[in-house]
Amino acid sequence: MSSQNMLLPQQVKIVEVGPRDGLQNEATPISAADKVQLIERLADAGISYIESGSFVSPKWVPQMATSTEVFQTIKRKAEVTYAALTPNMKGYEAAIAVNADEVAIFAAASESFSQKNINCSIEESIERFSPIIADAKKQNIKVRGYVSCVVGCPYEGDIPAEQVAMVAEKLIKMGCYEVSLGDTVGVGTPASVTKMLQAVSSRVPVAQLAVHFHDTYGQALTNIYAALQCGVKVVDSAIAGLGGCPYAKGASGNVATEDVVYLLNGLNIKTDINFEKLLQAGWFISEKLGKAPISKVSTAYLAQQ
Ligand SMILES: [Zn+2]
């Protein structure tokens, strides 16, 4: 191993959030059949964890109305985890009914964001998930936690690293096996991200942390590199950079999986992902959405076709 790579992990797991976090922020309706095809293509490319839908009222998120059909239709691979976001008990029950392998819950690190988005305090929002966690434990279903606004908040600005650490620790203590730290606004830089990760990992083992970056300010890849140097081995990303940014119209949201995998390949970090098949999955869904992939790597490869 070269000295340059001493601080980097040898292997990274990609958590693909495109079919859920990505598509739910895309206005063009995508059919259940096309979502199924996207998920199967991603699994075929070697992605081992796919957040495949959300069980939420279709009134709130019309794009996710087909999640039941999607989960019932995908041809599953034994080695792939097909997870669902479950905002409440009703959603959790619907996810269990279609055999979601894992479920995910969420909280904000910002009090104002929590109040404005889900009308309750951070504390109350986490408390609301305890019946889900209790039942999931009984049924042996793993629960993943998301924390949003881990660096900045659209209402409050900077978020203290210590506050993020407290929220992450609470989710782990409640029973989440992993917490994904989300820079929802995409304002972080390696300095603020490293500071935040140091604070969180003083309370939660880094092996239980994942990072979720948005590229709104063009910092996602460099923030991922900083997170890898802090020992993080799980990275959330969305194929073709699906999903815009609800706080800045026209801006990019989720970092593109293609860009992350290109970075990891270049660093000689193992992912077990077939890059060519990954690119094709991105082109498939971008065509269905009638737009170009928000991935510089994908755009560069497309130009060579
Ligand atoms: Zn996201």
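## Salt bridges in the predicted model

Arg144 and Glu178 form a salt bridge through their side chains, with an N to O distance of 2.7 Å. This pair joins distant parts of the chain: Arg144 belongs to strand S5 (residues 142–148) and Glu178 to strand S8 (residues 178–183), 34 residues apart. Arg144 is buried, at a relative accessible area of 1%, and Glu178 is likewise buried, at 5%. The structure is a predicted model, and a search of the whole of it finds 14 salt bridges.

Another of these pairs is formed by the side chains of Asp34 and Lys288, at 3.9 Å from N to O. Here too distant parts of the chain are linked, since Asp34 lies in helix H2 (residues 32–44) and Lys288 in helix H12 (residues 275–289), 254 residues apart. Asp34 counts as buried because its relative accessible area is 17%, under the 20% cut-off. Lys288, with a relative accessibility of 37%, is partly exposed.

A further salt bridge brings together the side chains of Asp272 and Lys270, at 2.9 Å from N to O. Lys270 is partly exposed, with a relative accessible area of 44%.

| Salt bridge | N to O distance |
|---|---|
| Arg144 and Glu178 | 2.7 Å |
| Asp272 and Lys270 | 2.9 Å |
| Asp34 and Lys288 | 3.9 Å |

Notes:
Residues numbered from 1 in each chain as written. Predicted model: local features only at pLDDT ≥ 70, side-chain atom pairs only at ≥ 80, totals over all residues. Heavy atoms only, no water. Salt bridge = Lys/Arg side-chain N within 4 Å of Asp/Glu carboxyl O. Helix = DSSP H or I, 4+ residues; strand = E, 2+ residues; numbered from the N terminus. Buried < 20%, exposed > 50% of the residue type's maximum accessible area, 1.4 Å probe, protein only.
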